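Subject: Structure for you to look through

Dear colleague,

Here is the structure that I promised to hand over, and below it you will find my notes on what turned up in it. Please keep the model open while you read, so that you can look up each residue as it is named.

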Amino acid sequence: MSAASFQSVFGPLDLDAATPLATGHDRHIFQHPHMPSLLVKVMDMRARAVYLETRPFKRWYKQYQRESAYRVYLNEISEYVTTTTRPSGVWQVPMARILGVAQTTLGLGLLVEKICDAEGNIAPTVADLAYQGKLDAALNAQLDEFFEDLADAHVVLHDISASNIACGLNADGKPGLYLIDGFGGLPLIPVYAWSKRLNRRRIERKSTSMRARLQARIG
(Lines give C-alpha, C1' and ligand atoms only; values in the text may rest on other atoms or scores of the structure.)
Protein backbone atom coordinates (compact mmCIF):
# COMPACT_ATOMS: atom_id res chain seq x y z
CA MET A 1 0.00 0.00 0.00
CA SER A 2 1.43 3.40 -0.98
CA ALA A 3 1.88 6.21 1.51
CA ALA A 4 -0.90 8.26 -0.12
CA SER A 5 -3.48 5.46 -0.02
CA PHE A 6 -2.45 4.53 3.51
CA GLN A 7 -3.07 8.10 4.66
CA SER A 8 -6.42 8.24 2.87
CA VAL A 9 -7.60 5.32 5.02
CA PHE A 10 -5.78 5.77 8.33
CA GLY A 11 -5.44 9.54 8.43
CA PRO A 12 -5.08 12.13 9.47
CA LEU A 13 -8.78 12.38 8.56
CA ASP A 14 -10.47 15.79 8.62
CA LEU A 15 -13.85 15.41 10.36
CA ASP A 16 -14.24 18.99 11.59
CA ALA A 17 -16.98 19.85 9.10
CA ALA A 18 -18.54 16.40 8.97
CA THR A 19 -21.99 15.63 10.37
CA PRO A 20 -22.30 12.41 12.40
CA LEU A 21 -24.47 9.71 10.86
CA ALA A 22 -25.38 8.64 14.39
CA THR A 23 -24.51 9.44 17.99
CA GLY A 24 -24.32 6.85 20.73
CA HIS A 25 -23.92 7.04 24.48
CA ASP A 26 -20.31 8.21 24.33
CA ARG A 27 -19.35 8.28 20.64
CA HIS A 28 -20.11 9.95 17.33
CA ILE A 29 -20.21 7.79 14.19
CA PHE A 30 -19.03 9.37 10.93
CA GLN A 31 -18.88 8.18 7.36
CA HIS A 32 -15.23 7.59 6.45
CA PRO A 33 -14.38 10.49 4.11
CA HIS A 34 -12.58 8.30 1.55
CA MET A 35 -13.90 4.74 2.01
CA PRO A 36 -17.67 4.20 1.47
CA SER A 37 -17.54 0.79 3.19
CA LEU A 38 -16.11 2.18 6.45
CA LEU A 39 -17.33 4.20 9.41
CA VAL A 40 -15.25 6.12 11.94
CA LYS A 41 -16.24 6.02 15.60
CA VAL A 42 -14.91 9.00 17.60
CA MET A 43 -15.16 9.50 21.34
CA ASP A 44 -17.52 12.22 22.57
CA MET A 45 -15.28 13.74 25.23
CA ARG A 46 -17.95 16.20 26.37
CA ALA A 47 -20.48 13.44 27.05
CA ARG A 48 -17.80 11.45 28.86
CA ALA A 49 -16.92 14.43 31.07
CA VAL A 50 -20.59 14.94 31.98
CA TYR A 51 -20.92 11.23 32.78
CA LEU A 52 -17.85 11.21 35.04
CA GLU A 53 -18.80 14.46 36.75
CA THR A 54 -21.47 12.67 38.78
CA ARG A 55 -19.29 9.61 39.46
CA PRO A 56 -16.29 10.79 41.52
CA PHE A 57 -14.97 7.31 42.31
CA LYS A 58 -14.99 6.27 38.67
CA ARG A 59 -13.44 9.60 37.70
CA TRP A 60 -10.69 9.02 40.28
CA TYR A 61 -9.59 5.56 39.15
CA LYS A 62 -9.95 6.27 35.44
CA GLN A 63 -7.28 8.95 35.71
CA TYR A 64 -4.78 6.11 36.23
CA GLN A 65 -5.75 4.29 33.04
CA ARG A 66 -3.07 5.13 30.47
CA GLU A 67 -5.47 4.59 27.56
CA SER A 68 -7.96 7.04 29.11
CA ALA A 69 -11.30 7.23 27.25
CA TYR A 70 -9.96 4.97 24.52
CA ARG A 71 -10.03 1.88 26.72
CA VAL A 72 -13.34 1.04 25.04
CA TYR A 73 -11.44 0.58 21.76
CA LEU A 74 -9.16 -1.96 23.39
CA ASN A 75 -12.14 -3.83 24.86
CA GLU A 76 -13.86 -4.02 21.48
CA ILE A 77 -10.75 -4.97 19.52
CA SER A 78 -9.89 -7.65 22.08
CA GLU A 79 -13.40 -9.12 21.94
CA TYR A 80 -13.45 -8.99 18.14
CA VAL A 81 -10.10 -10.77 17.82
CA THR A 82 -10.95 -13.35 20.50
CA THR A 83 -14.34 -14.34 19.12
CA THR A 84 -13.48 -14.30 15.41
CA THR A 85 -10.34 -16.44 15.75
CA ARG A 86 -11.47 -19.14 18.19
CA PRO A 87 -13.09 -22.35 16.87
CA SER A 88 -16.89 -22.25 17.00
CA GLY A 89 -19.86 -23.47 15.04
CA VAL A 90 -20.21 -20.05 13.43
CA TRP A 91 -18.51 -19.64 10.06
CA GLN A 92 -18.65 -15.86 10.23
CA VAL A 93 -19.57 -14.13 13.49
CA PRO A 94 -22.39 -11.61 12.83
CA MET A 95 -20.41 -8.54 13.87
CA ALA A 96 -19.36 -5.43 11.99
CA ARG A 97 -15.68 -6.02 11.31
CA ILE A 98 -13.01 -3.80 12.89
CA LEU A 99 -10.24 -2.54 10.60
CA GLY A 100 -8.11 -0.65 13.10
CA VAL A 101 -7.66 2.90 14.37
CA ALA A 102 -7.09 6.17 12.52
CA GLN A 103 -5.92 9.63 13.43
CA THR A 104 -8.63 12.24 12.99
CA THR A 105 -9.06 15.92 13.77
CA LEU A 106 -11.44 14.86 16.55
CA GLY A 107 -9.06 12.42 18.19
CA LEU A 108 -8.31 8.76 17.68
CA GLY A 109 -11.02 7.03 15.66
CA LEU A 110 -12.00 3.37 15.43
CA LEU A 111 -12.47 2.15 11.84
CA VAL A 112 -15.34 -0.30 11.45
CA GLU A 113 -17.25 -1.94 8.64
CA LYS A 114 -20.34 -0.03 7.51
CA ILE A 115 -23.55 -2.06 7.44
CA CYS A 116 -25.68 -0.57 4.65
CA ASP A 117 -29.19 -0.61 3.29
CA ALA A 118 -29.84 -1.33 -0.39
CA GLU A 119 -29.08 2.32 -1.31
CA GLY A 120 -25.73 2.38 0.47
CA ASN A 121 -26.95 4.41 3.44
CA ILE A 122 -26.29 3.36 7.00
CA ALA A 123 -28.54 0.39 7.77
CA PRO A 124 -31.50 0.66 10.15
CA THR A 125 -31.21 -0.94 13.55
CA VAL A 126 -33.64 -3.46 14.97
CA ALA A 127 -34.95 -0.63 17.16
CA ASP A 128 -35.65 1.45 14.03
CA LEU A 129 -37.48 -1.45 12.39
CA ALA A 130 -39.53 -2.11 15.52
CA TYR A 131 -40.68 1.52 15.68
CA GLN A 132 -41.67 1.22 12.00
CA GLY A 133 -43.90 -1.72 12.84
CA LYS A 134 -41.60 -4.30 11.20
CA LEU A 135 -40.89 -6.50 14.22
CA ASP A 136 -42.64 -9.45 12.61
CA ALA A 137 -42.22 -13.22 12.76
CA ALA A 138 -39.45 -13.17 10.14
CA LEU A 139 -37.39 -10.59 12.04
CA ASN A 140 -37.91 -12.46 15.31
CA ALA A 141 -36.65 -15.64 13.64
CA GLN A 142 -33.58 -13.72 12.46
CA LEU A 143 -33.01 -12.50 16.00
CA ASP A 144 -33.21 -16.07 17.30
CA GLU A 145 -30.47 -17.15 14.90
CA PHE A 146 -28.43 -13.99 15.53
CA PHE A 147 -28.29 -14.44 19.31
CA GLU A 148 -27.66 -18.18 18.93
CA ASP A 149 -24.65 -17.44 16.70
CA LEU A 150 -23.30 -14.90 19.20
CA ALA A 151 -23.67 -17.42 22.04
CA ASP A 152 -22.02 -20.17 19.97
CA ALA A 153 -19.08 -17.87 19.20
CA HIS A 154 -18.91 -16.87 22.90
CA VAL A 155 -19.21 -13.16 22.20
CA VAL A 156 -19.37 -11.22 25.48
CA LEU A 157 -21.94 -8.42 25.34
CA HIS A 158 -22.13 -5.61 27.86
CA ASP A 159 -25.14 -3.85 26.30
CA ILE A 160 -27.77 -6.05 24.66
CA SER A 161 -29.84 -3.40 22.94
CA ALA A 162 -31.92 -3.30 19.76
CA SER A 163 -30.03 -0.10 18.86
CA ASN A 164 -26.79 -2.10 18.69
CA ILE A 165 -28.05 -4.51 16.01
CA ALA A 166 -28.06 -3.36 12.38
CA CYS A 167 -30.16 -5.03 9.69
CA GLY A 168 -28.61 -4.74 6.25
CA LEU A 169 -25.69 -5.67 4.02
CA ASN A 170 -22.08 -6.02 5.11
CA ALA A 171 -19.17 -4.92 2.92
CA ASP A 172 -19.35 -8.24 1.03
CA GLY A 173 -23.00 -7.64 0.21
CA LYS A 174 -24.21 -10.36 2.58
CA PRO A 175 -27.60 -9.53 4.16
CA GLY A 176 -28.35 -10.18 7.80
CA LEU A 177 -28.27 -8.87 11.35
CA TYR A 178 -24.93 -7.50 12.56
CA LEU A 179 -23.70 -6.46 16.00
CA ILE A 180 -22.39 -2.91 15.72
CA ASP A 181 -21.79 -1.93 19.36
CA GLY A 182 -22.12 -3.10 22.95
CA PHE A 183 -19.56 -5.92 22.94
CA GLY A 184 -16.44 -6.49 25.03
CA GLY A 185 -16.12 -7.44 28.67
CA LEU A 186 -16.29 -4.69 31.30
CA PRO A 187 -16.46 -6.34 34.77
CA LEU A 188 -13.34 -6.53 36.91
CA ILE A 189 -14.05 -10.27 37.31
CA PRO A 190 -14.83 -11.43 33.74
CA VAL A 191 -17.02 -14.42 34.57
CA TYR A 192 -18.83 -14.31 31.23
CA ALA A 193 -15.54 -14.39 29.35
CA TRP A 194 -14.47 -17.39 31.43
CA SER A 195 -17.69 -19.37 31.10
CA LYS A 196 -19.39 -19.92 27.75
CA ARG A 197 -22.35 -21.52 29.54
CA LEU A 198 -22.95 -18.54 31.82
CA ASN A 199 -22.49 -16.17 28.90
CA ARG A 200 -25.10 -18.07 26.86
CA ARG A 201 -27.59 -17.89 29.73
CA ARG A 202 -27.00 -14.16 30.09
CA ILE A 203 -27.50 -13.57 26.35
CA GLU A 204 -30.75 -15.57 26.45
CA ARG A 205 -32.00 -13.65 29.48
CA LYS A 206 -31.01 -10.20 28.22
CA SER A 207 -32.26 -10.78 24.67
CA THR A 208 -35.66 -11.87 26.00
CA SER A 209 -35.78 -8.72 28.13
CA MET A 210 -34.78 -6.61 25.10
CA ARG A 211 -37.67 -7.96 23.04
CA ALA A 212 -40.14 -7.42 25.88
CA ARG A 213 -39.06 -3.77 26.14
CA LEU A 214 -39.48 -3.31 22.38
CA GLN A 215 -42.97 -4.79 22.44
CA ALA A 216 -43.93 -2.57 25.36
CA ARG A 217 -42.73 0.57 23.58
CA ILE A 218 -44.44 -0.14 20.29
CA GLY A 219 -47.64 -1.34 21.94
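**Salt bridges between helices**

Arg211 is buried, with a relative accessible area of 18%, where buried means under 20% relative accessible area, exposed means over 50%, and partly exposed lies in between (1.4 Å probe, protein chains only). Before going further, please note that this is a predicted model, in which local features need pLDDT of at least 70 and side-chain atom pairs count only at pLDDT 80 or more, while totals for chains, interfaces and linings use all residues. Residues are numbered from 1 along each chain as its sequence is written, and side-chain values use heavy atoms, with hydrogens and water left out.

Arg211 forms a salt bridge with Asp144, the closest N and O atoms being 2.6 Å apart; the term stands for a side-chain nitrogen of Lys or Arg within 4 Å of a carboxyl oxygen of Asp or Glu. Because Arg211 lies in helix α8 and Asp144 in helix α6 (residues 137-152), the pair ties together parts that are 67 residues apart in sequence. Helices here are DSSP runs (H or I, at least four residues), as are strands (E, at least two), and both are numbered from the N terminus. Asp144, for its part, is partly exposed at 46%.

A salt bridge also joins the side chains of Glu148 and Arg200, at 3.0 Å from N to O, and this pair links distant parts of the chain, with Glu148 in helix α6 and Arg200 in helix α8, 52 residues apart. Both count as partly exposed, Glu148 at 35% relative accessibility and Arg200 at 21%.

**Other salt bridges**

How many salt bridges does the rule give? The count comes to eight. One of the pairs is Asp172 with Arg97, whose closest N and O atoms are 3.0 Å apart; Asp172 sits in the loop between β6 and β7 and Arg97 in the loop between α4 (71-85) and β4, 75 residues apart. Asp172 counts as exposed at 56% relative accessibility, whereas Arg97 counts as partly exposed at 27%.

**The strands**

Five strands form an open sheet in the order β1-β2-β3-β5-β4, with antiparallel pairing, and two strands are said to pair if DSSP finds at least two bridges between them. β1 (22-23) and β4 (98-104) stand at the edges with a single partner strand each, so one side of each is left without a neighbour in the sheet.

Is strand β3 enclosed or open to the outside? Six of the six residues of β3 are buried, so the strand is largely enclosed by the rest of the structure. Leu38, Val40 and Val42 point one way from β3, while Leu39, Lys41 and Met43 point the other way. Five bridges join β3 (residues 38-43) to β5 (residues 107-113), and five join β2 (residues 27-31) to β3. Val40 stands opposite Leu111 in β5 and is also the bridge partner of Phe30.

Strands β6 (residues 165-169) and β7 (residues 175-179) pair in the antiparallel sense over five bridges, with Cys167 opposite Leu177. In their hairpin, which has five residues between the strands, Gly173 takes a positive phi near 85°.

With best wishes
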